[in-house]
Number of protein chains: 2
Amino acid sequence: MMKEIDDSSKEKQILKAAEEVFLAKGYNASKTVEIAEKAGVNHALLHYYFRTKENLFNKVFAEKMDLFIESFEKLFSLNMSLTELIRSFVETQFDFFSKHQELPYFIIHEVMASETRREIFTQQFFPKMQKSIAQIDLLLQEEIKKGRVKEVRVLDLLVSITSLNMFYFVIRPAEKFFPEDFSCYNIQQVIKERKQTHVDIILHWIEK
Amino acid sequence: MMKEIDDSSKEKQILKAAEEVFLAKGYNASKTVEIAEKAGVNHALLHYYFRTKENLFNKVFAEKMDLFIESFEKLFSLNMSLTELIRSFVETQFDFFSKHQELPYFIIHEVMASETRREIFTQQFFPKMQKSIAQIDLLLQEEIKKGRVKEVRVLDLLVSITSLNMFYFVIRPAEKFFPEDFSCYNIQQVIKERKQTHVDIILHWIEK
DNA sequence: GCCTTGTTTAACACGTTAGTTAAACAAGAT
DNA sequence: ATCTTGTTTAACTAACGTGTTAAACAAGGC
């Protein structure tokens, strides 16, 4: 039999199944046999390809982190005003989490749970983010000097934006438990309105 | 030997150790033998008193949830203006998390991880919180009618406040990994400033 | 002095899960 | 026809962690 590199190869099937299971349950609650089953593949084969669970997990984790980072980098090609830039940043990040709703909790959970993953996170993610932060800061300090916006630290800004965006999707599953308040409207509509709320909160805050 | 109910009793020692370990590592990563060791007590005794790990955990969990709820209820005895009430709410919640910095992640983590705990959470926590929400909403709707504040939903308000407050203490441990940005100042000072930031963000948002 | 209750010791039963191994098979490549 | 590589089967190990159990001990209460 030939080594097939296409998507239907067993290796890819395992990776795909691993992604699903790890994202849904996190590292510890995920079982290699379950992943193998879901991939329609023998449990021994999983170890044949990836040797360890940790190994398989790190592939998935690194890939998701890359996705996350890319979502940051899209922004900074255009030259916008500070307000436009921040609005765009809030919305882009919000949309990203909205598209990958499992990620906020997944990232927090795994980064908290393991030293190894913290290292992957800080080494792979933070350096790339530094550039984006610097670019926002440049524009921010300019506007502050001109007296157009309030004196806020760029890190405070990013933490605030990310708090609102990530936390919102962490607690989204709770919607199921409070049906009266959350889910009476169309979910997509609620999410869209919440995005605008985040933009409002951030822009009004830095507004002078 | 007599049953001693004071704090130095073995039962209390186990509970105390359990609290420490569970808060630091969460349910799954905590091992009963470790808890027994930390309590300076034999592993069999832990089961003698609490029978199961789940049992022991739920005692700790319920106690922490109660603490959390109490921190909400302090507020609503005084009659304040809406602005004062919201400032006070933000600050009280922030101070609570500041005092119990492990709680934000602990609560999120355990509520996400187990159906049982979600039930404890929704049954024990949410009903009590409803009252507080209703009281804030009363004042809020009043002020909105008078045109003094922006039209925001009370749930949006609470979610925003709690996002900022909880998420901030979830990511606090990250401070260790980015020493240049976070920890150049006195930590207590940084936290105090951040509290003011949260108040600013929320009040400027609803301000007309 | 004996009973009771709290406590230790140490061994064990049991389930779960990661990872291994050896033997057989399937099919394309040579 | 044989070699190679991917794959299955099925059994096994080794480790770990929860919970149990029985026997002994310690000390206050009767």
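This is a predicted model: local features need pLDDT of at least 70, side-chain atom pairs count only at pLDDT 80 or more; totals for chains, interfaces and linings use all residues.
The residues of the surface near DNA strand C comprise nine nonpolar, five polar and six charged. In total, 20 residues surround DNA strand C. The closest of these come from both chains: Ala44(A), Thr52(A) and Lys53(A) on one side, and Lys10(B) and Asn42(B) on the other. Four helices each supply at least two residues of the surface near DNA strand C, namely helix H2 (32–38), H3 and helix H4 (53–73) of chain A, together with H3 of chain B. Of the elements involved, H3(B) provides the largest share, three residues.

For DNA strand D, the number of surrounding residues is 20. Here the closest residues are Lys10(A) and Asn42(A) from chain A, with Ala44(B), Thr52(B) and Lys53(B) from chain B. By class, the surface near DNA strand D holds nine nonpolar, five polar and six charged residues.

Chain A and chain B are in contact through 25 residues of chain A and 25 residues of chain B. On the side of chain A that touches chain B, two or more residues are given by each of helix H6 (103–113), helix H7 (115–145), helix H8 (154–171) and helix H10 (187–206) of chain A. The largest share of this side, 10 residues, comes from H8(A). The class composition of the side of chain A that touches chain B is 14 nonpolar, seven polar and four charged residues.

Within chain A, the domain assignment gives domain 1, spanning 1–51, and domain 2, spanning 58–206. The C-alpha centres of domain 1 of chain A and domain 2 of chain A are 30 Å apart. Contact between the two domains involves eight residues of domain 1 of chain A and seven residues of domain 2 of chain A. On the side of domain 1 of chain A that touches domain 2 of chain A, six residues are nonpolar, one is polar and one is charged.

Note on methods:
Residues are numbered from 1 along each chain as its sequence is written. Chains are lettered from A and ligands numbered from 1 in the order in which they are written. A residue is near a molecule or strand if its C-beta atom, placed from the backbone, lies within 6 Å of it. Ala, Val, Leu, Ile, Met, Phe, Trp, Tyr, Cys and Pro count as nonpolar, Asp, Glu, Lys and Arg as charged, and the others, Gly among them, as polar. Domain bounds come from an automatic or database domain assignment.
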